[in-house]
Each structure stands twice: as C-alpha cells, then as structure tokens.
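Reader: I've got a model open on my screen and I'd like to learn how to read it. Could you walk me through it, feature by feature?

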Amino acid sequence: RGLEAGLIACGLLALTACDQGDDRLSEKAKIEGAASAGAQIVAENEALAVRAQEMETDLASRQRFYQGVRGTYEGTFQAAGEEMRIRITLIPTLSPFSAGRVRRIEEIVSDLVTLTFSAQIVQWTPSVPLSAVGCRVEGIRPDLTRGEINIASAECSNVYLLQLSGETGAGGPANREEAARVSQSAARSMLEGRTELATGLAGEIRPSQNSETYAFIAGRKQL
C-alpha cells in the first residue's frame with residue numbers, strides 16, 4: 001500500500017508539473033502572439049503613413065498645376081474676316097490643404113477625385129460688347145503631363161482645345177509640335193514648383209455649326 005501511495009503521489013506530481021508546463025507554454029504563446037500582432041499593426045500603420053505621404057506629395061504636385069493655371073485669360077481670333085475676343089476663366093474646385101496634421105488616406109483620395117477645373121468662356125465682337133455669348137463647364141480634368149485642357153460639353157456649342165503657352169502676343173509657336181513642346185515644358189515646370197503661374201494659353205476653337213477652326217493666344221489678365 002505504501003508503494004501504491006508513493007506511485008500515486010508521484011503520478012499526481014507529474015501531472016501537476018505537466019499542467020504547469022502547459023500553462024507556461026500557453027502563456028508564452030499568447031505573449032508571442034500579442035507581440036507579433038502588435039508588430040504587424042505597427043508595420044501596417046507605417047505602410048499606410050508612407051502611402052498617405054506619397055499621395056499627399058502627388059496631390060501637392062497637382063495643386064501646383066491647378067493653382068498655377070487658375071485665373072482669367074484674354075485673346076483675339078479672326079472669324080469671317082472680323083476680329084473677335086475671347087475670355088477664359090479657369091477655377092479649381094479645391095484650394096490646397098494647409099492644416100498641419102496627418103490626414104487619412106480616404107481624405108486624400110477624396111481630394112484627388114474632386115480636384116477639377118470649372119471654366120467660363122465668353123466670346124464677343126469688340127465693337128458690339130453686348131453681342132457676347134458664353135458658357136460654363138464643370139468637372140474639367142487637364143492632362144497634367146502635356147499641359148492640355150480640353151473643354152467639350154453640351155453646355156458649350158464649341159469645343160475648346162487649350163495648351164499652356166509662354167506667348168501672350170498674337171503669334172505663338174510656329175507649329176503644333178513646337179506648341180506641344182512648349183506646353184509640356186510649362187506643365188512640368190509648374191508640377192515641379194519651378195514656375196508659379198502660367199502666363200498664357202494657346203487655344204483652338206472648333207465650332208459645331210461649321211467646319212472652320214480658329215486659333216488664338218490668350219494672355220493672363222488676373223488670378
């Protein structure tokens with residue numbers, strides 16, 4: 001009986017030791033799991049912060065273009081042997097974000113989607129100012145790389161193809177290739193922050209009522 005009692009006691013001690021070992025292993029696994037989960041959360045937050053900063057940088061570059069182009073431009077063109085005037089006003093839908101805080105990615109995405117131009121275009125005969133006709137268009141997305149702003153809408157009877165131009169006189173680039181080069185260079189300069197404001201627009205009007213096209217250069221008049 002003494003031997004049996006001793007064996008039972010040893011067995012109980014062994015079971016207790018096993019239970020304690022299992023508890024320690026379980027606790028260790030929980031601690032390691034929590035540490036791993038915490039490290040994963042930290043890594044995910046860091047990745048999100050990097051992504052948010054990349055998006056903010058992209059948005060800031062886009063805003064430099066929009067704010068650099070915003071304003072009113074005026075120029076002239078010839079139609080049926082008569083001089084006509086044109087005024088184009090471009091207004092960004094959003095101002096640059098300036099508050100000193102880290103924004104959520106959803107906020108930045110909203111700005112990237114919402115940022116567009118609103119445009120007002122007015123044409124008139126200088127000798128008859130009251131003859132002016134015009135239209136307003138919303139949601140215009142420019143080609144930021146080429147510096148092109150194409151306006152085609154049911155709100156306007158004409159299509160307007162605009163490019164950035166350093167010219168403000170009546171001449172302008174000698175050909176389409178040169179005009180494209182000038183526009184692309186001006187756009188890149190604004191995107192990179194080397195130029196603050198566009199000085200002019202080179203445009204082409206394509207009416208819906210006839211097959212003629214009218215070219216013009218419009219210089220900046222005001223912000």
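Author: Happy to, starting with the parts list: the protein chain has three helices and eight strands. Helices (H or I, at least four residues) and strands (E, at least two) are DSSP runs, numbered from the N terminus. From that end on, the elements run α-β-β-α-β-β-β-β-α-β-β. This is a predicted model, so local features need pLDDT of at least 70 and side-chain atom pairs count only at pLDDT 80 or more, while totals for chains, interfaces and linings use all residues. Residues are numbered from 1 along each chain as its sequence is written, and side-chain values use heavy atoms, with hydrogens and water left out.

Reader: What percentage of the residues count as buried?

Author: Buried means under 20% relative accessible area, exposed means over 50%, and partly exposed is in between (1.4 Å probe, protein chains only). Here 33% of the 223 residues of the protein chain count as buried. As for contacts, meaning heavy atoms within 4.5 Å, take those between residues at least 6 apart in sequence: 61% of them join residues at least 24 apart.

Reader: Which residues touch the most other members of the largest nonpolar core?

Author: A nonpolar core is a set of buried Ala, Val, Leu, Ile, Met, Phe, Trp, Tyr and Cys residues joined through side-chain atoms within 4.5 Å. The largest one has 37 residues, and Phe65, Val69, Leu90 and Ile151 touch the most other members. Helix H1 (residues 2–69) gives this core its largest share, six residues. Click on Ile151 and, leaving out residues up to four places away in sequence, you'll find it touching Ala119, Ile121, Val137, Ile140, Asn158, Val159, Tyr160 and Leu162.

Reader: And helices: which residues of H2 are buried?

Author: In helix H2 (residues 105–114), look for Glu107, Ile108 and Asp111. Seen down the axis of H2, the buried residues fall within an arc of 95°, so they line one face of the helix. That arc is taken from the directions from the helix axis to the C-beta atoms. On the face turned away from the buried side of H2 sit the exposed residues Glu106 and Val113.

Reader: Loops next. Is Thr116 buried or exposed?

Author: Thr116 lies in the loop between H2 and strand E3 (117–125), and its relative accessible area of 7% makes it buried. Not counting residues up to four places away in sequence, Thr116 touches Tyr66, Ile91, Pro92, Thr93, Gly139, Ile140 and Arg141. Thr195 counts as partly exposed at 32% relative accessibility. Leaving aside neighbours within four places in sequence, Thr195 is in contact with Ser189 and Met190.

Reader: What about backbone angles? Where is Ala80 found?

Author: Most residues other than glycine have a negative phi. Ala80 has a phi near 55°, a positive value in a residue other than glycine. Ala80 is found in the loop between E1 and strand E2 (82–92), and counts as exposed at 84% relative accessibility.

Reader: Now pockets. How much space lies in the second largest pocket?

Author: Rolling a probe the size of a water molecule over the atoms shows where empty space is left. On a 1 Å grid over the protein atoms alone, a pocket is an open set of points where a 1.4 Å probe fits, with protein on both sides within 12 Å along at least five of seven lines; lining residues have an atom within 4 Å of a point. Grid points are joined across faces, edges and corners, and a volume is the space filled by probe spheres set on the points. The second largest pocket holds about 180 Å³. Its lining includes Phe77, Met84, Gln123 and Tyr214, and strand E1 (71–79) and strand E7 (200–207) each supply at least two of the lining residues.

Reader: Where does Tyr214 lie?

Author: Tyr214 is in strand E8 (residues 214–222) and counts as buried at 15% relative accessibility. Beyond residues up to four places away in sequence, Tyr214 touches Phe77, Gln78, Ala79, Gly203, Glu204, Ile205 and Pro207. The C-alpha atoms of Tyr214 and Thr76 are separated by 9.8 Å, though these residues are 138 apart along the chain.
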